[in-house]
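Subject: Structure handover

Dear colleague,

I am passing on the structure below, followed by my notes on what was found in it. Please read the notes with the model open beside them.

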Amino acid sequence: MHIVFGGAFNGKREYVKELLGNQSVSWHEASLPGTAASLSVIAGVEKWVKNMLEDGKSEEEIIKEARTAILLNESSRQIWILTDINRGIVPFEPLERQQRDVVGRLYQFLFKEAESITRVWYGIPEIIKGAKRT
C-alpha cells in the first residue's frame, strides 16, 4: 500500500495520475473498494469518514472497514490519497471536530500499514517512507 498525502489542492491526484500513466485503475472517490482489483486508488477518505459518522458509525467501525478494504486488496496494489485536515483552526461544529479526530487516528493506522508514503506539497513530492512506487 502506498499513501500520497498533503494539504487540499496541493497536487496529490495529479501526482498519482502522472505516476500511473495509462495503467488501468479502479478509482474510488469518498468510498472504499468493495471488491478486489489489480490496482485501486482510494481518495476523498476524509469525506468518507464524515459520511460514516453522519450514518452513526463509530470510530472503531470506521477503522475496521478501512482494515477490511486493505485486507481485501492485499494481493493487489493500492494507492491511498489522503488530505491532511488536522492543521489549522479547530472546527466549531461538533461533527467536524469528530471527523478531524477520527481522520487523524485513521491516518495513524494507515501510515503504520503503508509500505511507502509520499507527501505532496504544492506539487512537489517528498518520499517519507519506503520507495517511490508505481
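I begin with helix α2, whose buried residues pack against β3, α3, β4 and α4, where packing rests on contact, that is, heavy atoms within 4.5 Å. Helices (H or I, at least four residues) and strands (E, at least two) are DSSP runs, numbered from the N terminus. The buried residues of α2 are Val45, Glu46, Trp48, Val49, Met52 and Leu53; buried means under 20% relative accessible area, exposed over 50%, and partly exposed in between, with a 1.4 Å probe and protein chains only. Seen down the axis of α2, these buried residues fall within an arc of 155 degrees, so they line one face of the helix, the arc being that of the directions from the helix axis to the C-beta atoms. After α2 comes Gly56, with a positive phi near 85 degrees.

Some words on the basis of these notes: this is a predicted model, in which local features need pLDDT of at least 70 and side-chain atom pairs count only at pLDDT 80 or more, while totals for chains, interfaces and linings use all residues. Residues are numbered from 1 along each chain as its sequence is written, and side-chain values use heavy atoms, with hydrogens and water left out.

Turning to the sheet, six strands form an open sheet with mixed pairing, in the order β2-β3-β4-β1-β5-β6, where two strands pair if DSSP finds at least two bridges between them. Its edge strands, each pairing on one side only, are β2 (26–29) and β6 (124–129). Strands β3 (residues 39–43) and β4 (residues 77–83) run parallel and are joined by four bridges, and Ile42 stands opposite Trp80 in β4. By contrast, β5 and β6 pair in the antiparallel sense over five bridges, with Ile127 in β6 as the bridge partner of Thr118. These two strands form a hairpin with two residues between them, and Tyr122 in the turn has a positive phi of about 50 degrees.

The largest nonpolar core has 25 residues, and those with the most contacts inside it are Val45, Val49, Trp80, Leu106 and Leu110; such a core is a set of buried Ala, Val, Leu, Ile, Met, Phe, Trp, Tyr and Cys residues joined through side-chain atoms within 4.5 Å. Helix α4 gives the most to this core, with six residues. Val45 touches Trp80, Ile81, Leu82, Leu106 and Tyr107, not counting residues up to four places away in sequence. A second, separate core of 11 residues includes Leu19, Leu20, Ile79 and Ile81.

Finally, a search of the whole structure finds two aromatic pairs; rings of Phe, Tyr and Trp (its six-membered ring) pair if their centres lie within 6.5 Å, and planes under 30 degrees apart count as stacked, over 60 as edge-to-face and the rest as tilted. Phe5 and Phe111 form an edge-to-face pair, with 5.1 Å centre to centre and 65 degrees between the planes, and this pair links strand β1 to helix α4 across 106 residues. Phe5 counts as buried at 10% relative accessibility, whereas Phe111, at 21%, counts as partly exposed. The rings of Trp121 and Tyr122 have their centres 5.0 Å apart and their planes at 75 degrees, so this pair is also edge-to-face. Trp121 is partly exposed, with a relative accessible area of 45%, and Tyr122 counts as exposed at 62% relative accessibility.

With best wishes
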